[in-house]
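Thanks for sending this one over. My notes are below as numbered points, to be read with the structure open beside them.

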Amino acid sequence: MVGEPLVFISYTAADRETARAVAAGLKLRGVAYFRDEECDQPGSIQQMVTRWLEAASHFLFIASRHSINAPWPSLEVAAANDRAINGKLKFIPALFGLQRHDLPLLIRDWIPVDLSDPEAALARVAGWVVASADGPAGPALGDLKGVPPP
């Protein structure tokens, strides 16, 4: 990862208010984020999302009954999962009204945060993001997949 840590927040329109709350919580903790609704860069939405996804150090997917099968978040999830597997970002599912076993198989192994306790979830995400700023590569892939960080 290059540059400052940045969290890409992926969500569906039905979860917009949750995404806004997550963004506000990250901002309060000094964590930079991208949320499409706040961006007015030129170009198509697909180009903009691609640029920000490539710049992100972390991908936070708000996993809800609305988003897990929605077309656009599914594309973002697939692209982010590929980048995560290749060590280019950290993938963080954020459970919103779901359990880990409800996640698509593709991302079920990533360690999730549970938004039913937003303070704890956002503190954990902020901790991971801050830890990644401590070194050029951030925490090892295992820190966010399969084994919780210390």
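1. Let me start with the packing of helices H2 and H3. In this predicted model, helix H2, residues 45–55, packs against H3 at an angle of about 30°, and the axes of the two helices lie 11 Å apart. That angle makes H2 roughly parallel to H3, because angles under 35 degrees count as roughly parallel. As for handedness, H2 and H3 make a right-handed crossing.

2. While you are looking at H3, find Trp-72. Helix H3 covers residues 71–85, and Trp-72 sits in it. How accessible is Trp-72? Its relative accessibility is 35%, so Trp-72 counts as partly exposed.

3. Now a step back to the overall layout. The protein has 4 helices and 5 strands. In sequence order, these elements follow the pattern β-α-β-α-β-α-β-β-α. Of the 150 residues in the protein, 44% are buried; the cut-off for that label is under 20% relative accessible area.

4. How many salt bridges does the structure hold? There are 2, and I take them in turn. One of them pairs Glu-17 with Arg-20, with 2.4 Å between the closest N and O atoms. Both residues belong to helix H1, and because they are 3 residues apart, about one helical turn separates Glu-17 from Arg-20. Glu-17 counts as exposed, at 53% relative accessibility, whereas Arg-20, at 34%, counts as partly exposed.

5. The salt bridge between Glu-119 and Arg-29 has its closest N and O atoms 2.7 Å apart. Glu-119 lies in helix H4, residues 118–133, and Arg-29 is in the loop between H1 and strand E2 (33–34), so this pair ties together parts that are 90 residues apart in sequence. Glu-119 is exposed, with a relative accessible area of 52%. Arg-29 is partly exposed, and its relative accessible area is 28%.

6. Where is Ala-13? Ala-13 is in the loop between E1 and helix H1, which spans 16–28. The C-alpha atoms of Ala-13 and His-66 are 8.6 Å apart, although 53 residues separate the two in sequence. Ala-13 has 47% relative accessibility, so Ala-13 counts as partly exposed; the exposed label needs over 50%.

7. A last pair to look at involves Glu-4, which is found in the segment before strand E1 (7–10). Along the chain, Glu-4 and Ala-56 are 52 residues apart, and their C-alpha atoms are separated by 8.9 Å. Is Glu-4 buried or exposed? Glu-4 is exposed, because its relative accessible area is 67% and the exposed label applies over 50%.

Conventions: Residues numbered from 1 in each chain as written. Predicted model: local features only at pLDDT ≥ 70, side-chain atom pairs only at ≥ 80, totals over all residues. Heavy atoms only, no water. Buried < 20%, exposed > 50% of the residue type's maximum accessible area, 1.4 Å probe, protein only. Axes fitted to C-alpha atoms, helices over the stretch in contact; angles between N-to-C directions. Parallel < 35°, antiparallel > 145°, perpendicular 65-115°, else oblique. Left-handed = near helix turned anticlockwise from the far one by under 90°. Salt bridge = Lys/Arg side-chain N within 4 Å of Asp/Glu carboxyl O.
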